[in-house]
Amino acid sequence: SSGRGPPRRRPSAMEAPRQVAVVTGGNRGIGYEIVRGCLRAGFHVALTARDLGAGQRVAQELGCDVLQLDLTDAESIAACAGEVRRRYGSVDVLINNASMAYKHADPTPWTQKTRTSVTTNFFGTLAVCEALFPLLKAGGRVVTVASSAGHLRLVPSEALYSEFAGADTFLTVPRLAQLMNQFVVDVEACTS
């Protein structure tokens, strides 16, 4: 006898826990449809919403969980990650959908739009990733939803284009953060 006890029995499909998907910004728009698709695919879904009340209404309608998450609030991000750990222990799929955008006709000055957009959409999403990556299961997946406004063909500098195009091999998170901060500084320095 090896002393290891009886062999473990694999759980049946009925006993196996469902995979957990966390969908940020899942209470409306594309996020809402992503949540619906994940539910149809059999995931246990936790949608996040900045407005907990709005998230609760959608979660009740769709039959999933809801967590409060504001990409601009470090305490909210930490609390969300803590609640994910408490409720699920780990995550199989993280879908970064939450973001903000100004309407084209919005009169807010570009300097303010740029700082707010980069702070929310880049640094907020980065903070969510840093908080939830430790909970991502081995082999887990991360999907980040982006708009065509971030397409590389829109980058006018050949040097920056090359740096972004090589992201898979040599662009680090600290360097990307540096580039994003420089972008904000450059826009704020622009007088036209």
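Tutor: In this predicted model, a residue is called buried under 20% relative accessible area, exposed over 50%, and partly exposed in between.

Student: Why is arginine 36 called partly exposed?

Tutor: Arginine 36 has a relative accessible area of 31%.

Student: What makes the pair of arginine 36 and glutamate 33 a salt bridge?

Tutor: The cut-off is a side-chain nitrogen of Lys or Arg within 4 Å of a carboxyl oxygen of Asp or Glu. The closest N and O atoms of arginine 36 and glutamate 33 are 3.0 Å apart, so the pair meets the definition. Both residues belong to helix 1, about one helical turn from each other.

Student: How do you know that arginine 175 and glutamate 163 form a salt bridge?

Tutor: Their N to O distance is 2.6 Å, and the limit is within 4 Å. Because arginine 175 lies in helix 6 and glutamate 163 in helix 5, the pair ties together parts 12 residues apart in sequence.

Student: What makes isoleucine 30 exposed?

Tutor: The relative accessible area of isoleucine 30 is 55%, and exposed means over 50%; therefore isoleucine 30 is exposed. Isoleucine 30 is in helix 1, and together with Val143 and Val145 makes a nonpolar surface patch of about 230 Å².

Key:
Residues numbered from 1 in each chain as written. Predicted model: local features only at pLDDT ≥ 70, side-chain atom pairs only at ≥ 80, totals over all residues. Heavy atoms only, no water. Patch = residues over 30% accessible without salt bridge, like charges linked within 9 Å, V, L, I, M, F, W, Y side chains within 5 Å. Areas by Shrake-Rupley, 256 points an atom, 1.4 Å probe, with all protein chains shown as cover. Helix = DSSP H or I, 4+ residues; strand = E, 2+ residues; numbered from the N terminus. Buried < 20%, exposed > 50% of the residue type's maximum accessible area, 1.4 Å probe, protein only.
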